[in-house]
Amino acid sequence: MIKNYLKIAWRSIWKHKAYSIINIAGLSIGLTACLIVATVVFDELSYDRQWSKGNDIYRVLSSRSSLKGETLRPETITAFGPSLKKDFPEVVDYCRMHLSDNNFKLGTEKQGIPITYLSAEPSVWNFLDLKIMAGQPKAIVKGYKNLIISAKLSKLYFNNTDPVGKVITSVPQFGKPEKYLITGVIADIPRNTHLRADAIVIADYPPNWDVMQPKHGGTSFLTQYFLLKPGTSITAFTQKVNATYAKLTNSMAADYTYRFQPIKDVYLRSDFEQSEVRGSIRTVYIFAGVATLLLLIACINFVNLTISRVFNRAKETGIRKVLGAEKLQLIIRFLAESLLFFVIAFAIAIILYPLFIKPVQTYLGHKLVLNLYNTSFLVLTICCVLFVSLLTGLYPAWYLSRPRPVVILRDKLSRGVQLNFLKKCLVVGQFVISATIILITLVVHNQLSYINKKDLGYDKNNLLSVDFSNWGTKGADFKQNVKHIPGVENVSIANWSPSRAPFSMSNEVTIPGEKEKTTVYFINGDIDLVATLKFKLKNGRLLTPSFASDVMDSDSIFGTSIKTRELIQRRSILATSYTANLLSVKLNNPVLKVEGIPVGVIEDFNNESLHSKLKPIFIQADTNITAGYMLVRVKPGTAKAVLTNLNKLYKAYYPDNILKYDWVDELLDKQYQAEHKLQQLFTCFSFLIIFLACLGLFGLVSFTASQRLKEISIRKVLGADVNSILMLISKDYLLLVIIAIVIASPIAWYFIQQWLQNFAYRVNVSWWVFALTAFITLLIAFITISFQSLKAALANPVKSLRSE
């Protein structure tokens with residue numbers, strides 16, 4: 001029976017080739033895109049779910065509340081872990097661990113191979129399921145830093161020889177090289193973890209780091225994980241920990257508390273931290289939404305085109321009923337046809353899947369652990385396809401099998417207001433989705449264009465940022481020699497670099513005329529910082545070596561004596577325009593609780609990404625900065641020569657270290673990497689969604705034109721021109737598109753406003769964006785409709801009327 005149903009379905013598909021091609025093409029594209037997006041979604045959701053004790057592992061977060069909201073950090077004081085294990089029976093174990101980077105001399109590479117490693121205590125074996133391949137890495141060897149490498153590194157750099165027992169040397173950015181003893185080899189750590197690393201360094205902390213000091217307050221130092229007893233109420237445990245911590249450190253007065261984050265949530269729910277291995281639950285929702293919309297449009301096309309053929313297949317249904325076919329048998333027959341369409345489309349999607357999954361992995365920046373070739377994922381996918389095919393085909397099958405045979409064979413089947421209304425609703429639904437995606441894509445593009453063009457308050461072009469380093473006693477001499485490199489305009493060393501570092505110095509001050517406090521930040525740089533970054537003076541004067549109070553040696557004024565305090569209070573500083581307005585700064589007058597006297601006001605500059613608002617900032621000059629970022633301003637067109645000479649000079653001064661640098665404009669672009677990917681995603685899928693919507697519309701117009709062919713021919717005989725025929729067919733569909741645009745506008749506006757809230761500086765959504773969206777959508781729809789409408793309008797009426 002089933003075989004016969006499928007055979008009949010195949011004959012029907014083969015007979016109506018145009019209809020079948022449109023349906024199969026739409027379903028294939030929809031399913032392929034849906035499969036790829038579903039792969040990404042399931043892979044993102046799989047992070048840190050492979051650990052056998054994952055349900056009981058938590059990362060501790062430090063929380064500080066203020067009138068502006070909650071600030072979270074994934075670090076705590078070093079003694080927090082040992083203290084909790086000692087005082088709380090719920091704690092099975094703790095592990096202080098975090099990702100780090102270093103360069104190691106491996107193989108024949110003398111400059112060092114960059115390796116991301118996990119710095120962790122020996123208790124890491126109780127947290128992560130690490131498979132030992134060689135050696136005895138659980139046994140700590142004294143006298144060396146213990147290094148455990150992955151099978152991948154062992155294969156790449158040790159030519160299948162046993163690396164256990166070998167000593168390798170680091171090539172650090174600053175400081176002296178260190179020796180590491182390879183104590184073991186483990187299987188590669190799964191890529192779907194936020195602790196993604198190619199090696200593990202066993203950390204050894206001094207004993208005093210394990211002792212909780214009553215005067216400890218605030219948050220700092222290390223990221224810590226806790227393994228709790230199964231069944232522990234995390235809510236009750238958190239309350240107990242915060243109560244105990246408040247008694248120990250009296251830090252509750254400073255608004256510090258602790259929260260425990262499940263390890264399974266770390267990857268997707270850590271928007272508060274900057275990490276190379278970090279996802280976003282919002283991105284998962286966006287991907288899942290896009291996959292759903294793509295599949296929905298493909299299914300709408302299928303339903304619409306199937307319904308459009310109801311009257312073409314009415315007599316077939318009537319004859320089958322006369323011959324004894326029951327309603328259930330007819331429904332199964334039409335469902336079989338629907339299933340066959342989906343099976344063919346799914347087979348094509350499987351063929352296309354490997355062609356597109358590799359570019360997607362390149363786009364994401366990492367290999368996907370879960371994919372269609374995973375057995376469980378494939379079974380789930382097949383079940384979903386079967387379910388969707390039956391669900392999609394159910395209404396057309398029920399509608400086709402419903403009328404009585406007498407009604408059908410007498411050609412009195414109602415043209416159905418309900419059926420027509422459903423078709424219109426489905427068309428409107430398709431173009432609501434299309435117009436919404438187009439509108440969102442335009443706004444995302446405008447926002448990113450605004451970000452790229454916005455004046456940040458300094459010149460980001462031709463500016464080189466050398467990574468934070470301890471320059472030591474050679475720093476001043478090295479800086480002067482960098483200045484003499486041909487093509488270098490200026491050089492500065494500071495504790496801050498655009499986009500790279502938080503401020504290392506801050507202070508709490510009360511805003512004049514208000515009870516609320518704010519944090520003011522200090523940039524400590526040398527006298528060349530302002531000139532190197534090209535800050536603009538607004539009022540007063542800049543810092544200059546001519547005044548002794550403008551440039552001071554921080555080391556010489558470090559202390560608590562009265563003379564030292566006076567020097568600090570008289571120190572000249574610069575304020576930004578925002579800072580001057582917020583704190584009512586008057587030049588050459590002290591500011592309450594701010595060390596130094598403002599002598600000048602510079603134009604505001606964005607020290608962080610445009611996601612964040614301006615912060616109150618003061619700039620001070622130092623004559624002896626031994627650690628910080630080096631900023632190098634180069635002349636246009638000389639970058640390559642400058643980098644060559646800079647590398648040579650660096651090797652002469654710091655032969656054991658590696659020079660790391662970035663161009664500031666590239667660093668700033670990386671801040672908006674997620675937004676750029678979102679723009680690419682919406683651009684790609686907007687084309688797909690529009691194509692699918694137009695494919696369905698093309699099929700509908702084709703059937704409409706064929707059904708009204710005699711009417712069109714009679715109109716032409718009676719004198720109707722091509723334009724009137726074109727308008728006759730097009731007007732109903734264009735009206736549906738206009739309705740879709742009206743519905744889509746408020747929906748898109750809502751989502752756009754939600755997304756723009758992530759930016760402190762954002763574009764206004766102007767009326768022309770909606771107008772442009774309407775124009776693009778109508779133009780695309782009109783071109784799609786016109787192609788088939790013109791064909792019908794230009795056809796010879798004699799051919800269609802000959803049968804009459």
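Tutor: Buried means under 20% relative accessible area. Keep that cut-off in mind as we walk through this predicted model.

Student: Happy to! Is R633 buried or exposed by that rule?

Tutor: R633 has a relative accessible area of 2%, so it counts as buried.

Student: What does the side chain of R633 meet in a salt bridge?

Tutor: The general idea comes first: side chains of opposite charge can pair when their charged atoms come close. Here R633 pairs with D459, at 3.6 Å from N to O. R633 sits in strand β21, while D459 is in the loop between α13 and β12, 174 residues apart. D459 is partly exposed, because its relative accessible area is 25%.

Student: Where do R96 and D210, another salt-bridge pair, lie?

Tutor: The closest N and O atoms of R96 and D210 are 2.8 Å apart. R96 belongs to strand β3 and D210 to the loop between β9 and β10, so the pair ties together parts 114 residues apart in sequence. R96 is buried, at 1% relative accessibility, whereas D210 is partly exposed at 32%.

Student: Which residues are linked in a network of salt bridges?

Tutor: That would be K479, K483, D526 and D528.

Student: Now confidence. Over which residues is the pLDDT below 50?

Tutor: As a rule, where pLDDT is low, the predicted coordinates should not be read in detail. The protein averages a pLDDT of 82, and 84% of the residues score at least 70. The stretch to watch is residues 413–417, with pLDDT below 50. Beyond near neighbours in sequence, that stretch has nine contacts in the model.

How values were computed: Residues numbered from 1 in each chain as written. Predicted model: local features only at pLDDT ≥ 70, side-chain atom pairs only at ≥ 80, totals over all residues. Heavy atoms only, no water. pLDDT = per-residue confidence, 0-100. Contact = heavy atoms within 4.5 Å. Salt bridge = Lys/Arg side-chain N within 4 Å of Asp/Glu carboxyl O. Helix = DSSP H or I, 4+ residues; strand = E, 2+ residues; numbered from the N terminus. Buried < 20%, exposed > 50% of the residue type's maximum accessible area, 1.4 Å probe, protein only.
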